[in-house]
Amino acid sequence: MDRREFIRSSLQLAIAAAAIGGTPWLDLTALASPAPLTPPLAVRKGKDIPTTVRAAVTALGGMSAFVKAGEVVVVKPNIGWDRTVELAANTHPLVVRTVVELCLEAGAKKVLVFDRTCNDPRRCYVQSGIAGAVEGLKSPKVSMEQIDRRAFIDVDIKGGIDQQRWSFYQPALDADRFINLPIAKHHSISTVTVGMKNIMGVIGGNRGTMHRNIAEALADINTVIRSDLTIVDATRILVANGPQGGQLKDVKILDTIIASPDIVAADAYSATLFGLQPRDISFIVAGAKRGLGTLDLQKVRMV
């Protein structure tokens with residue numbers, strides 16, 4: 001039984017427990033598999049965003065290396081803020097659309113796109129441009145949905161340092177594949193926000209409490225939601241006043257896409273875009289210590 005099959009069977013047991021009055025919970029931490037010792041990392045640059053995204057994914061073996069025919073795929077961008085594209089608060093809509101297209105081309109049965117936003121979800125989905133880009137595909141296999149707050153389930157996090165239990169979005173747990181699409185941004189608490197922090201968009205509860213020990217909290221939740229592929233939108237980055245931004249003077253155009261199956265390596269490379277070293281970022285260090293990936297870019301295989 002692989003990880004996704006285990007999750008589905010565990011969800012059925014948890015739902016059955018809830019039906020008879022128990023508290024639904026899952027323990028998925030034991031499923032965390034070690035990251036490859038020399039993970040591949042693709043960095044591509046170009047002003048044509050769809051072409052650049054495709055080039056980065058092709059360098060990793062193509063989307064078929066991550067998504068198989070008949071699978072349900074979650075594509076998780078950052079849609080957290082009521083901001084327009086040029087303000088670099090959310091993932092670029094063309095990055096999202098292109099990744100969804102690649103999933104469909106690989107044979108995905110269903111592609112779900114969602115985020116638990118910080119501002120009003122309806123405005124975030126529209127203002128970000130992501131709703132229009134995804135819905136413009138007009139595919140019955142693609143669902144651009146707002147988070148259903150009833151669809152969270154408690155998960156025990158064995159080995160959790162900051163959190164031992166938290167609620168996670170069931171569709172994210174239940175999908176066959178999880179593709180993480182963060183934008184690289186400055187963050188007032190965590191210094192930067194990239195892939196590991198983007199997982200906060202699929203958890204429930206009072207997320208603000210996690211900022212008290214952000215490094216270990218992010219490592220905790222990333223042991224539950226494992227990203228099969230992380231594609232970082234660095235077409236433009238927010239270099240100050242993040243994560244919400246709001247001023248064009250804080251935006252830097254880089255025309256860059258970073259992709260890796262190793263979320264820590266993707267975040268580590270992204271840190272260098274801000275003039276930082278991976279070891280400067282506490283959550284990257286914590287993720288590496290937990291075996292979620294490698295922060296040593298000398299041990300990454302550039303492809």
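Helices (H or I, at least four residues) and strands (E, at least two) are DSSP runs, numbered from the N terminus. The model shown here is predicted, so local features need pLDDT of at least 70 and side-chain atom pairs count only at pLDDT 80 or more, while totals for chains, interfaces and linings use all residues. Residues are numbered from 1 along each chain as its sequence is written, and side-chain values use heavy atoms, leaving out hydrogens and water.

**View 1. The whole protein, for orientation.** Of its 303 residues, 56% count as buried (under 20% relative accessible area, with exposed over 50% and partly exposed in between; 1.4 Å probe, protein chains only). Among contacts (heavy atoms within 4.5 Å) with a separation of 6 or more, 73% are between residues 24 or more positions apart.

**View 2. Helix H2 and its buried face.** Helix H2 covers residues 49-59, and its buried residues are Ile 49, Thr 52, Val 53, Ala 56 and Val 57. Seen down the axis of H2, these residues fall within an arc of 130°, so they line one face of the helix; the arc is that of the directions from the helix axis to the C-beta atoms. As a reminder, an α-helix has 3.6 residues a turn, so residues three or four places apart point the same way. The partners that the buried residues of H2 pack against are strand S2 (40-45), helix H3 (93-105), strand S11 (229-238) and strand S12 (251-260). Just after H2 comes Gly 61, with a positive phi of about 110°.

**View 3. H2 against H3.** The two helices pack at an angle of about 50°, and their axes are 9 Å apart (axes are lines fitted to C-alpha atoms, for helices over the stretch in contact, and angles run from 0 to 180 degrees between N-to-C directions). That makes H2 oblique to H3; angles under 35 degrees count as roughly parallel, over 145 as roughly antiparallel, 65 to 115 as roughly perpendicular and the rest as oblique. Their crossing is right-handed, a term used if the near helix is turned clockwise from the far one by less than a right angle, with anticlockwise being left-handed. From H2, Ile 49, Pro 50, Val 53, Arg 54 and Val 57 meet Leu 94, Val 95, Thr 98, Val 99, Glu 101, Leu 102 and Glu 105 of H3. By class, the residues of this contact are eight nonpolar, one polar and three charged (Ala, Val, Leu, Ile, Met, Phe, Trp, Tyr, Cys and Pro count as nonpolar, Asp, Glu, Lys and Arg as charged, and the others, Gly among them, as polar).

**View 4. Thr 235 in strand S11.** Look for Thr 235 in strand S11, where this residue is buried with a relative accessible area of 6%. Leaving aside neighbours within four places in sequence, Thr 235 is in contact with Ile 49, His 92, Val 95, Ile 253, Leu 254, Asp 255, Thr 256 and Ile 257.

**View 5. Ala 151 in a loop.** Ala 151 sits in the loop between strand S5 (142-144) and strand S6 (152-156), and is buried, at 17% relative accessible area. Not counting residues up to four places away in sequence, Ala 151 touches Phe 168, Tyr 169, Gln 170 and Pro 171. Ala 151 and Gln 170 are 19 residues apart in sequence and 5.7 Å apart in space, C-alpha to C-alpha.
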